[in-house]
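User: Could you walk me through this model? I'd like the overall picture before we get to single residues.

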Amino acid sequence: QVQLVESGGGLVQAGGSLRLSCAASGSIFRVNRMDWYRQAPGKQRELVAGITSGGSTNYADSVKGRFTILRDNAKNTVYLQMNNLKPEDTAVYYCNADIQVRVFRNYDYWGQGTQVTVSS
């Protein structure tokens, strides 16, 4: 079985920073793409940032220049460094990963979510 475990959420004032982590564990052959999504109350889940196994990244326009996605392939871990946080960044943040568990068997996994609250 494969698990994604997130950590690092919390309450921060506007302008502050937080660093989220998501570690994949279990029967893993290879971790491919890793993404961060978020869902605010009453809104649809949206892609915040993504990173391939080779390190290519993409970001939502709303977070460009403020958030950085990083990964440590040796630890099967992805990070989201969030700077200059704004109240509109308040949401539950979810880690998502495309994981190959054996040859020709890829599955999509989600973490349990971590709350980020930014006060004005």
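**Chat about the model**

User: What share of the contacts with a separation of 6 or more is between residues 24 or more positions apart?
Analyst: In the protein, 54% of those contacts join residues 24 or more positions apart, where contact means heavy atoms within 4.5 Å. This is a predicted model, where local features need pLDDT of at least 70 and side-chain atom pairs count only at pLDDT 80 or more, while totals for chains, interfaces and linings use all residues. Residues are numbered from 1 along each chain as its sequence is written, and side-chain values use heavy atoms, with hydrogens and water left out.

User: OK, how many helices and strands are there?
Analyst: Zero helices and 11 strands. Both are DSSP runs numbered from the N terminus: helices are H or I with at least four residues, strands are E with at least two.

User: And why does the radius of gyration agree with a compact globule?
Analyst: The protein has 14 Å, and a compact globule of 120 residues would have a value near 14 Å, so the two agree. The radius is taken over C-alpha atoms, and the globule rule is 2.2 Å times the number of residues to the power 0.38. Along its principal axes, the C-alpha trace spans about 50 × 25 × 25 Å.

User: Switching to the inside: how much counts as buried?
Analyst: 42% of the 120 residues. Buried means under 20% relative accessible area, exposed over 50%, and partly exposed in between (1.4 Å probe, protein chains only).

User: Which residues touch the most other members of the largest nonpolar core?
Analyst: Trp36, Leu80, Met82, Tyr93 and Ile99, in a core of 31 residues. Such a core is a set of buried Ala, Val, Leu, Ile, Met, Phe, Trp, Tyr and Cys residues joined through side-chain atoms within 4.5 Å. Elements that give two or more residues to this core include strand S3 (18–26), strand S4 (30–39) and strand S9 (91–102). The largest share, six residues, comes from S9.

User: Is Leu20 buried or exposed?
Analyst: Leu20 is buried, because its relative accessible area is 0%. Leu20 sits in strand S3. Not counting residues up to four places away in sequence, Leu20 touches Trp36, Leu80, Met82 and Tyr93, among others.

User: What about Ala24, which strand is that in?
Analyst: Strand S3. Ala24 counts as buried at 7% relative accessibility. Leaving out residues up to four places away in sequence, Ala24 touches Gln3, Leu4, Lys75, Asn76 and Ile99.
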